[in-house]
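Here is a short tour of strand pairing and salt bridges for you to follow alongside the coordinates. Please have the viewer ready.

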Amino acid sequence: AMGSRHDFFGCYDHAADAGLVHVADHHVAPGKKLWTWGDHEFGHAWNRNLTDDDGPYVELMAGVYTDNQPDFSFIQPYETKTFVQCWYPIQRIGPATLANEQAAVRLSVEAGFGHVGVAVTGAFPAATVRLERGSELLVERRADLAPGAPLLFEVPLPPGTVDAELRLRVLASDGRTLVDQVP
């Protein structure tokens with residue numbers, strides 16, 4: 001994911017309806033990639049060694065202080081490097097279109113409907129999910145959000161609406177913004 005300007009990336013297995021999200025400051029952790037042994041006999045041998053019978057070995061990798069993982073630089077005497085990264089699973093929402101340490105969301109437009117998915121990393125009772133188009137509120141839904149219980153719903157959209165016009169906000173019960181996908 002060369003040149004990523006976002007603080008998250010992830011993967012999603014549509015057959016399993018589950019995925020993984022990585023969140024870290026992209027200035028500190030610019031390295032992001034999906035890695036496999038390849039589709040040749042050498043790669044097939046590693047697949048047999050590293051996996052069951054459900055498909056090839058694929059690894060999601062993240063690196064800090066470098067755009068490639070691993071970083072082979074050295075730490076100087078008395079030098080300290082620190083970083084924070086967060087990995088968490090998501091399910092049923094599809095590939096995340098935005099994520100942070102509190103939540104991952106999915107927003108897509110298809111056949112005149114907005115499809116919304118929200119997965120959270122902690123319990124957020126009485127949260128509010130808002131979908132807006134410009135200054136127009138399309139839907140506001142309250143829900144008890146919790147890990148392992150994603151919120152999914154569809155919203156009929158005005159004709160001609162595209163996803164780049166939509167803003168998806170998830171707010172905690174105290175009004176604090178958990179995630180804000182701005183067009």
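This is a predicted model: local features need pLDDT of at least 70, side-chain atom pairs count only at pLDDT 80 or more; totals for chains, interfaces and linings use all residues.

Residues are numbered from 1 along each chain as its sequence is written, and side-chain values use heavy atoms, leaving out hydrogens and water.

Let's begin with strands E6 (residues 98-99) and E7 (residues 103-110), which pair antiparallel over 2 bridges. Strands here are DSSP runs of E with at least two residues, numbered from the N terminus, and two of them pair if DSSP finds at least two bridges between them. A hairpin with 3 residues between its strands is formed by E6 and E7. E7 also runs antiparallel to E8 (residues 113-120), joined to E8 by 8 bridges. In that hairpin, 2 residues separate the strands, and Ala 111 in the turn has a positive phi of about 55°. Val 105 of E7 stands opposite Leu 98 and also opposite Val 118 in E8.

Now for the charges: the count comes to 8 salt bridges, each a side-chain nitrogen of Lys or Arg within 4 Å of a carboxyl oxygen of Asp or Glu. Among them are these:

| Pair | N to O distance |
|---|---|
| Glu 140 and Arg 130 | 2.5 Å |
| Asp 180 and Arg 167 | 2.6 Å |
| Arg 176 and Asp 174 | 3.6 Å |

Glu 140 lies in strand E10 (residues 136-145) and Arg 130 in strand E9 (residues 124-133), so this pair ties together parts 10 residues apart in sequence. Arg 130 and Glu 140 also belong to a salt-bridge network with Glu 132, Arg 142 and Arg 169.

Methods. Helices (H or I, at least four residues) and strands (E, at least two) are DSSP runs, numbered from the N terminus.
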